[in-house]
Amino acid sequence: MKRYGFMVWGFFCHFWIDFSCSWFIFQEVVGEAGWYTLLFFYNFFAFALELPLGVLLDRICEKNKGSLKGYSWTGIAGIFLVLLALYGDIPLWLGVFLAGFGNAAFHVGTGALILAVFPEKIWPSGLFVSSGALGICLGKLLSGKTGMKIAVGIMLSLLFSTAVLGEATGKKKKKCREIQREKVPMATKGILPETAFDLLSVLCIFMTVVLRSYQGMALSFPWNQTVKTGLILAGATAAGKLAGGIGADLTGMKKTVALSLGLGGILLLQPSSMWSGTAGTLLFNMTMPITLVLLYRTFPKWTGISFGLLTFALFIGFLPSYFGVGSLPMPFGAGFLSFLSLILLWMTIKRRERAGQQGKSDQ
């Protein structure tokens, strides 16, 4: 499968995977006995397990001299597991595990592969992550609708068949390391030398994603009371992730981060306004692909770990709201988190620049 064709497939498949899992949770799980506990474990399986999966995939890639097939087949297997959760005659707890684990396998396999085959660009990762928010929102809204289970099954089966056919007939001549070293020079992209490890930068990126996840769970707008406003916010979230990747490629990470988090933080200080809240949500989510690519460019040989570590950060940010602690003070809380995220990412980018300059002078 050609890399741009794969990117388009990943975009649509991400939507349908998140749509299917969201539909399954709200259709089959919510309201059942112990559903709140099952919800916790679903999120654990879907987000926290991506980190160990990423470690395993990177190890397989290393052992197979940089072959990308481990990522490809893991993503495809994730689709199959979600189909099994929807259509298997199995206990509910097992369905929750298969849906969550399938979600994790698809995300880390496909997301890491997009990082590996588009190392010189940010917008492909932005496109990939953007469709998830719409899928989750629509899956919740359409739960309970007649015929949705059949429609979901048909779409996932088509995407699964297309991917298997593409893998069976395609030939990937590029290897992970060859792609990375050929298209992303250390000095121009701010990647640290392979022997270096900048723990502070990693922690800053990780905490930025934790804060984004927490704000997404805790922030509520008084005007968001209808299906229409819910769709508007989901659309703003998706558009922000895509715009962040495009903006970073066109103008650079620093300008995009400064504009999105600076202006977004100001707008989120006025949550009672629908337009301010929607625009602030869009701007705040623009850093999603930037944090992903920043971490990947910190250690480009660890593609799966880069993706999995940040989904683990999403899980950490989910925990306070799940356990009902740490409510977000309004209206200043959302703006404060945006400005704090700006400081963390600005520090990270500056350290990347210094590392790149140092690497260039050492060559």
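## Aromatic pairs and a central helix

This structure holds 27 aromatic pairs. The model is predicted.

**Two pairs in detail.** A pair of aromatic rings is described by the distance of the centres and the angle of the planes. Two examples follow.

| Ring pair | Geometry | Centre to centre | Between the planes |
|---|---|---|---|
| Tryptophan 9 and phenylalanine 106 | edge-to-face | 6.2 Å | 65° |
| Phenylalanine 97 and phenylalanine 101 | stacked | 5.6 Å | 10° |

The pair of tryptophan 9 and phenylalanine 106 links distant parts of the chain. Tryptophan 9 belongs to helix α1 (residues 3-29). Phenylalanine 106 belongs to helix α5 (residues 92-117). The two residues are 97 residues apart, and both are buried.

Phenylalanine 97 and phenylalanine 101 both lie in helix α5. They are four residues apart, about one turn of the helix. An α-helix has 3.6 residues a turn, so residues three or four places apart point the same way.

Phenylalanine 97 has 28%, so it is partly exposed. Phenylalanine 101 has 25%, so it is partly exposed too.

Ring pairs also build a cluster. Phe97 and Phe101 are among its members. Others include Trp35, Tyr36, Phe40, Phe41, Phe44 and Phe45.

The charged end of lysine 149 sits over the ring of tyrosine 87, 5.4 Å from its centre.

**Helix α11.** This helix covers residues 227-251, 25 residues in total. Its first and last C-alpha atoms are 35 Å apart, close to the 36 Å expected at 1.5 Å a residue. Which residues of α11 are buried? Among them are the glycines Gly240, Gly244, Gly245 and Gly247. The alanines Ala234, Ala236, Ala238 and Ala248 are buried too. Glycine 252 follows α11, and its phi is positive, near 100°.

**The whole protein.** The secondary structure comes to 16 helices and zero strands. Of the 363 residues, 53% count as buried. Among contacts with a separation of 6 or more, 86% join residues 24 or more positions apart. The protein exposes about 16000 Å². Carbon and sulfur atoms supply 69% of that area.

Note on methods. Residues are numbered from 1 along each chain as its sequence is written. This is a predicted model: local features need pLDDT of at least 70, side-chain atom pairs count only at pLDDT 80 or more; totals for chains, interfaces and linings use all residues. Side-chain values use heavy atoms; hydrogens and water are left out. The expected span of a helix is 1.5 Å times one less than its number of residues. Buried means under 20% relative accessible area, exposed over 50%, partly exposed in between (1.4 Å probe, protein chains only). Contact means heavy atoms within 4.5 Å. Accessible areas come from the Shrake-Rupley method with a 1.4 Å probe; for residues, only the protein chains shown count as cover. Rings of Phe, Tyr and Trp (its six-membered ring) pair if their centres lie within 6.5 Å; planes under 30 degrees apart count as stacked, over 60 as edge-to-face and the rest as tilted. A charge sits over a ring if NZ of Lys or CZ of Arg is within 6 Å of the ring centre and within 35 degrees of the ring normal.
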